[in-house]
Structure formats: structure tokens, C-alpha cells
Amino acid sequence: MSQTTAKNILEALVFAPAHEQARALADGEVRSIDLLEHILARIAQHNPALNAIVARDDEGARRAAREADAALARGERKPLLGVPVTVKENFHVAGLVTSVGNLDYAGNVSPQDAPAVAALREAGAVVVGKTNVPLALADLQTYNAVYGVTSNPWDLARTPGGSSGGSAAAIAAGLSALEVGTDIGGSIRVPAHFTGIYGHKPTYGLVHNGGTGVPAGKQALRDLAVAGPLARSAEDLELALQILLNRDPLANKAWRVELPPARHDSLAPFRVLLLTRWPGRPQSTAEKLVEARLRQGLEAAGVRVVLPEDLGAYVPDLEAAHHNYRTLLGASLAAPTHGRAAQVQAVDGTQADGQDVRKLAEHISHGDWLVQNERRLQFRAQWENLFTQVDVVLSPVLVETAFLHDHGEPKDARHFPVDFGAETAQLKFADLFEWAGLPVLPGLPATSFPIGLDDAGLPVGAQAIGPFLEDLTPIRFAQLYTALQGGFTAPPNFGVA
């Protein structure tokens, strides 16, 4: 193979999904070490502007790539053999720092991999490094005093979201093929929406979320919080999810998970509930765009679209459910101490730093928590009943597209402009999470997928919510839908050389 041909193949693979990179490696089109060096060169070129990848192990990655090439030459095959990936900073990676953006832990080198990272390595992935997060993972923007600010590859003046903002920026800019993030308030799905990629929040408890946070070894698994993949295709979400299953050292003593297949393998048979209007307020311009795009695409594909008024009592009370979610979220972030130390303990508190949530975390009693948990279980049962009538629920991910960096303090005082057509409203930070929290309360799987750009040229995403433990259903829907609509688009300023 000529040098020019090899370079052309490498450049074509930069924005390819991880499974396509793995196929090219298995077919001998490129070597893992060459793909890695090409990615490292892109990181050197583009990461200074983005600040997405904040901790690296170049030599360790080179060793792993050479080992992958040797294994491929022997005929070995694994799902991600030789594919360069990154992981969110809060996951422990042996030899790299886990700080969650806190200066107190800037020298906290992890002694071993988190179970999710170990799973990626066992699947053959080459771990290049770690991506940036907000302080304590507690923001919808990605910046901290340890690593600085991460920007959106579609517009450097805007945030890629949080808390998996570095993850999404790296994938969108072609600096990594696959990521593992965490989500309790949209921390996988919102960055995917802001950057035009795919993200999956699994069913609660499905993916082991251990080996994250600080201090190492003292993090309990949090209520509501999950770990899941971000990628450039829905196929990669399914691939990564299967790799991440069955990593819980306690649960695996007695049982193993085998996901049921997607309800349908083609788009037309899906029964879809379109839920794009939050009760009690007008639709934003972004929400209207999501509704219009989804209606157009679904009708063209012959999909049966159901509206909330068609289902009556089957549809949960969204406002009551959101209050229940906010209460349990606050309780999940409670800690024995308050202030900064309590904030550091947050495992993925996208809303953890909101004043009302802190008060809930400090004051809810165990008896009150039991009442709220019972309500949560009732909502879960209602969602299960709803999914006897439909296969997926489609909604916006957030009320707005990616917004400008705003690092004003205190965070509670920030207001974010949201276009409602006739007027632009200034919403508080805590008021942005209605759609993101919708599947979190009942623990449902939700897949964020791109549906194009808005008039300002910014990515727009939607989310497909599926039945409890039927994660392959929303992922498959996203795959089938975006196959007709175009799927991932690379940001224009980060294309191949």
C-alpha cells in the first residue's frame, strides 16, 4: 500500500464510527499504530482550541496499539481491537489522575482501571486518555480550575454541555471514536445534543458505575446515576453497551444480564408517542424544531405517531414526576458534610449545585425519602403500562441548543436565554432539566440522536425513551431513524487535513 493511499484511508476513518474503524483494522486496511498516530496528530492540532482531552497516556496507547496489531496478525478478533478511545475524567484509569476538576485531587493518580475501562480494554480498545468535566460533574458546562474550559467544536464560544462535555467534544471533533460517560440529569444526552452525536443513558443499574469519583475507593453508587456510551453512530452505542454489561463484581456472583432484542428491526412498525410540549409553558423555538423535524421524518417513513391526548391516563403527570425527580435527585446528593466537601462527593450531579437541590439534600428525612421512592415506583409502573400502547417516546433533550459560555458566580444566579419565538426568556439553571430528567426518575433507557442543524448552524438532537430494561429498542429506533435522515455530521472547522 502506498503512503498516499494509507493516509487517505486514515483520513476517511477519522470520523468513522468505532465499529467501522474496527472492521478496517480487522481487514488489514490500516494498522492500529498508524491510526493511533494519526489521531494523536489530530489531537495536537485541534485539542488546544477545544481542550476536550485533558489527561493522556501516549506511550501506553502506543504499546496497546502495537499489541493490537500483533493480535490482529495472529487472527484474533475483538469488538474494538485496536480502536483508539477516550473516557470521561471521573472514571479511574490506571496511571492517570482522577480529580473531577477539583484542585484538592489534582495529584490523585488512579492505581487501577474502573470496571468500565477494564471492559473497553478487554474488548481490544486502545485507551488514549481522559476527557474534561465540570467541577464535581455538577454543571451543564465543562470547565474547572484543574484543566480549564472545554469548547464546542461547532462554535468555540459555546459550551459542549456537561458533565460529559469533553467526551462529546472529542467524539464530534474526530479525536476519539468512542466514550464512556455518566448521566443523572442529562450528562450524556445533553452534550450529545449540543455537539451532534449519539449518547445512551442505560436503564438504571444495567451498567456498573463503580470506579469513579474521588477519593478512590470511597464512592458509593448513587441513586439515579448511570454510566453509558457516547459515539458517532447508534450501532456503536449498542456495541459499547454490550461490552459494558455484567461488570458488577457483586451481581455477577449470581446472575448475568442478557438484553431482550429491540421490539422492531424496521422503522415502520414502531408505535411512537411524540411528546414535545411541556405542560404549563409555551414551546421554545428549539422544541418546535424538534417536533417539526420528527413529524416530517416519521410521516415519511410511515411510522404511526401518537400524541399525548390520544392516550389519556396512560401518560404520566409530567409535572408531578418532575417534582419527584427533583426531590430524589437532591436526596441522592446528600452527604454527611456540607459545602465544598459535599459537592466533591457528587457522582454525576448535573443539578447538584442548585440551591433548591442542596436544601432538599440537607433536609429530606428518611421517611420522606421512602414516600418519594414509593411515588417513583408508581411512576415506573405507569411508564410500563404506557409501553403497552407505544414502543418509544420521542422528546426534545433540552429546551435550547448549545449556549454561550457563562462562568458567572454564583452558579445559582446564572440565567440562560431561551428563544420562545415571541420573546426570549431568561431561565435559571435549575429550570433547564425537564426533558433530561424525564427518563431518569423511572430509570428508563434513553438514546439521544442527531436530527440536523438549526438556522444558526448548531446541532439539534432528540431523545428516544424506551421500556425498562429494553435498551436495544430506543437504540435501534435511533439507528433506523437517522439512517434515513443523515446521522452524524462533522463540524466544519475540524475536518480532515
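Pro 410 lies in the loop between β11 (392–396) and β12 (415–419), and the peptide bond that leads from Glu 409 to Pro 410 is cis, with omega near 0°. The model is predicted, and for that reason local features need pLDDT of at least 70 and side-chain atom pairs count only at pLDDT 80 or more, while totals for chains, interfaces and linings use all residues. Residues are numbered from 1 along each chain as its sequence is written, and side-chain values use heavy atoms, with hydrogens and water left out. Helices (H or I, at least four residues) and strands (E, at least two) are DSSP runs, numbered from the N terminus.

**The sheet**

- Eight strands form an open sheet with mixed pairing, in the order β6-β8-β7-β14-β15-β11-β9-β10, where two strands pair if DSSP finds at least two bridges between them.
- The edges are taken by β6 (178–183) and β10 (304–306), and because each has a single partner strand, one side of each is left without a neighbour in the sheet.
- Neighbouring strands of this sheet are turned by 30° against each other on average, direction ignored; axes are lines fitted to C-alpha atoms, for helices over the stretch in contact, and angles run from 0 to 180 degrees between N-to-C directions.
- Strands of a sheet pair through backbone hydrogen bonds, either parallel or antiparallel.
- Strand β14 (residues 446–453) pairs with strand β15 (residues 459–465) in the antiparallel sense over six bridges, and Ser 448 has Gln 463 in β15 as its bridge partner.
- Helix α8 (residues 234–244) packs on the sheet and touches β6, β7 (198–201), β8 (226–231) and β14, with its direction making about 145° with that of β8; contact here means heavy atoms within 4.5 Å.

**Aromatic pairs**

- A search of the whole structure finds 10 aromatic pairs; rings of Phe, Tyr and Trp (its six-membered ring) pair if their centres lie within 6.5 Å, and planes under 30 degrees apart count as stacked, over 60 as edge-to-face and the rest as tilted.
- Phe 270 and Phe 477 form an edge-to-face pair, 5.3 Å centre to centre with 75° between the planes.
- This pair links distant parts of the chain, since Phe 270 is in the loop between α8 and β9 (271–274) and Phe 477 is in helix α16 (residues 472–485), 207 residues apart.
- Phe 270 is buried at a relative accessible area of 0%, and Phe 477 also counts as buried at 0%; buried means under 20% relative accessible area, exposed over 50%, and partly exposed in between (1.4 Å probe, protein chains only).
- Phe 429 and Phe 433 form an edge-to-face pair, 5.2 Å centre to centre with 75° between the planes; Phe 429 is buried at 2%, and Phe 433 is buried at 0%.
- One aromatic cluster is formed by Phe 270, Phe 449, Phe 477 and Tyr 481.

**Backbone details in the loops**

- Ser 163 is found in the loop between β5 (148–149) and α6 (165–172), and the peptide bond from Gly 162 to Ser 163 is cis, with omega near 5°.
- Asn 51, in the loop between α3 (32–50) and β1 (53–56), has a positive phi of about 55° although it is not a glycine, and Asn 51 is buried at a relative accessible area of 17%.
- Leu 469, in the loop between β15 and α16, has a positive phi near 65° and is likewise a residue other than glycine, but Leu 469 is partly exposed at 37%.
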